[in-house]
Amino acid sequence: MISYRCGKCGKVVEIDSERMGIKCPFCGSKIFYKERPPTAKRIKAR
Amino acid sequence: MKFKFLELQENYAKILFEDTTPYFVNAIRRTMIADVPKMAIEDVTIYDNTSALFDEIIAHRLAMLPIPTYLDEVKGCEDCRIHYTLSKEGECTVYSGDLKAEDPRWNIKDKNIPIVRLLKNQRLILEAEAVLGTGKEHAKWQPVCGIGYKYYPEIEIDQEKCDLCMDCVNSCPRKLIEIKRNKVIVKNPEECTLCMSCVEACGRDAISVKGNPNKIIMQYETDGSLTAKEVFQEALNILYEKYDELEKKL
């Protein structure tokens with residue numbers, strides 16, 4: 001289960017990748033944004 | 001070889017070399033670009049970035065910042081690291097001055113370099129580490145910019161052939177030629193770029209412009225991490241060591 005943020009109502013929704021299709025249970029929107037993982041990201045400045 | 005500083009500011013220098021050759025001055029130039037070490041940000045740890053720019057672009061922008069480099073302290077020290085932290089929330093613009101070092105001595109020289117603009121509720125939290133490097137590895141470790149040299153301009157005017165037609169005066173893009181007491185004179189020959197406009201404009205072949213390859217003017221700027229004088233001194237030291245090494249191996 002991965003959580004995504006709904007593009008319409010802004011609520012964080014857990015989505016099961018096994019199932020086909022995604023839909024927000026609160027507003028019915030089908031547009032989602034991937035949340036930034038809380039871990040620190042190390043990159044080379046080049 | 002002799003040299004003297006025609007102009008010396010903190011971040012800018014103009015040097016006149018005499019009794020030299022272009023090969024030698026070019027060696028100094030290339031050493032300044034590729035071999036003089038300076039500090040630059042290499043590792044960035046991003047904790048949060050909701051700005052409009054990608055993490056990589058922000059890291060790349062941070063890498064370009066001029067970090068004060070005290071060569072006598074960090075020279076040869078590959079493990080020396082300067083630690084910086086940055087934490088900002090919009091609405092604002094993040095500037096290089098917002099990057100805080102543990103010791104304020106290491107804070108970025110130029111405080112007003114914009115990094116990213118944050119809108120309301122956008123955040124940027126990161127840590128960065130600067131390490132010593134040289135320009136041959138990546139341009140962010142290049143302490144000088146706009147470095148170039150030219151032959152010393154020698155402008156000769158044949159006053160007998162000259163008819164004071166003003167063609168050369170008008171053709172000079174740097175306005176270096178003028179007429180004084182019915183004589184064509186060159187105000188400041190060092191400013192001449194050897195563009196030959198005056199030679200082409202003169203219908204009577206009265207002007208000749210030549211560059212003297214044994215007398216060379218070099219000018220450059222630094223990004224602020226080192227002073228112009230330090231870069232020059234360090235380049236000469238490195239060159240000297242290299243020639244020394246070569247001599248020993250022969």
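How many bridges join strand 1 of chain A to strand 2 of chain A, and in which sense do the two strands run? Four bridges join strand 1 (residues 2–6) to strand 2 (residues 12–15), and the strands run antiparallel. The structure is a predicted model.

**Strands of chain A**

- Chain A has four strands and zero helices, so that its elements, read from the N terminus on, follow the order β-β-β-β.
- The C-alpha trace of chain A spans about 40 × 25 × 15 Å along its principal axes.
- Strand 1 and strand 2 of chain A form a hairpin in which five residues lie between the strands. In the turn, G10(A) has a positive phi of about 80°.
- Strand 1 of chain A also pairs with strand 3 (residues 32–34) of chain A, in the antiparallel sense and over three bridges.

**Extent of the interface between chain A and chain B**

- Nine residues of chain A are in contact with 18 residues of chain B.
- Chain A and chain B bury an area of about 1,300 Å² between them, and carbon and sulfur atoms give 41% of that area.
- On the side of chain A, 51% of the area buried against chain B is supplied by I43(A), A45(A) and R46(A), more than by any other three residues.

**Strand pairing across the chains**

- Strand 4 (residues 41–44) of chain A is joined to strand 3 (residues 38–49) of chain B by four bridges. These two strands run antiparallel.
- Opposite R42(A) stands T45(B), in strand 3 of chain B.

**Charged and polar contacts between the chains**

- Seven salt bridges are found across the interface of chain A and chain B, while the count over all chains comes to 26.
- One of the salt bridges links K44(A) to E42(B), with the closest N and O atoms 3.6 Å apart. This pair crosses between chains, from K44(A) in strand 4 of chain A to E42(B) in strand 3 of chain B.
- K41(A) forms a salt bridge with D55(B), and here the closest N and O atoms are 3.0 Å apart.
- Between chain A and chain B, 10 residue pairs are in polar contact, both residues being at pLDDT 80 or more.
- The side of chain A that touches chain B consists, by class, of five charged, three nonpolar and one polar residue.

**Domains of chain B and the contact between them**

- The domain assignment divides chain B into domain 1 (2–35 + 146–219) and domain 2 (38–141).
- The C-alpha centres of domain 1 and domain 2 of chain B lie 40 Å apart. The contact takes four residues from domain 1 of chain B and four residues from domain 2 of chain B.
- About 250 Å² is buried between domain 1 and domain 2 of chain B, with 39% of it on carbon and sulfur atoms.
- In domain 1 of chain B, the residues that lose the most area to domain 2 of chain B are I33(B), A34(B) and D35(B), which together account for 88% of what that side buries.
- One salt bridge is found across the interface of domain 1 and domain 2 of chain B.
- D35(B) forms a salt bridge with K136(B), the closest N and O atoms being 3.0 Å apart.
- Three residue pairs are in polar contact between domain 1 and domain 2 of chain B, both residues being at pLDDT 80 or more. By class, the side of domain 1 of chain B that touches domain 2 of chain B has two charged, two nonpolar and no polar residues.

**Surroundings of E129(B)**

- E129(B) is placed in strand 8 (residues 123–133) of chain B.
- The side chain of E129(B) makes a polar contact with the side chain of R81(B), at 2.6 Å.
- Apart from its neighbours within four places in sequence, E129(B) is in contact with A40(B), I41(B), E42(B), D43(B), R81(B), I82(B) and H83(B).
- Among these contacts of E129(B) is E42(B), the residue that forms a salt bridge with K44(A).

Methods: Residues are numbered from 1 along each chain as its sequence is written. Chains are lettered from A and ligands numbered from 1 in the order in which they are written. This is a predicted model: local features need pLDDT of at least 70, side-chain atom pairs count only at pLDDT 80 or more; totals for chains, interfaces and linings use all residues. Side-chain values use heavy atoms; hydrogens and water are left out. Contact means heavy atoms within 4.5 Å. Buried area is the accessible area (1.4 Å probe) that two parts lose on being put together, summed over both. A salt bridge is a side-chain nitrogen of Lys or Arg within 4 Å of a carboxyl oxygen of Asp or Glu. A polar contact is a pair of N or O atoms within 3.5 Å; within protein, one must be able to donate a hydrogen and the other to accept it, and residues adjacent in sequence count only if both atoms are side-chain atoms. Ala, Val, Leu, Ile, Met, Phe, Trp, Tyr, Cys and Pro count as nonpolar, Asp, Glu, Lys and Arg as charged, and the others, Gly among them, as polar. Two strands pair if DSSP finds at least two bridges between them. Domain bounds come from an automatic or database domain assignment.
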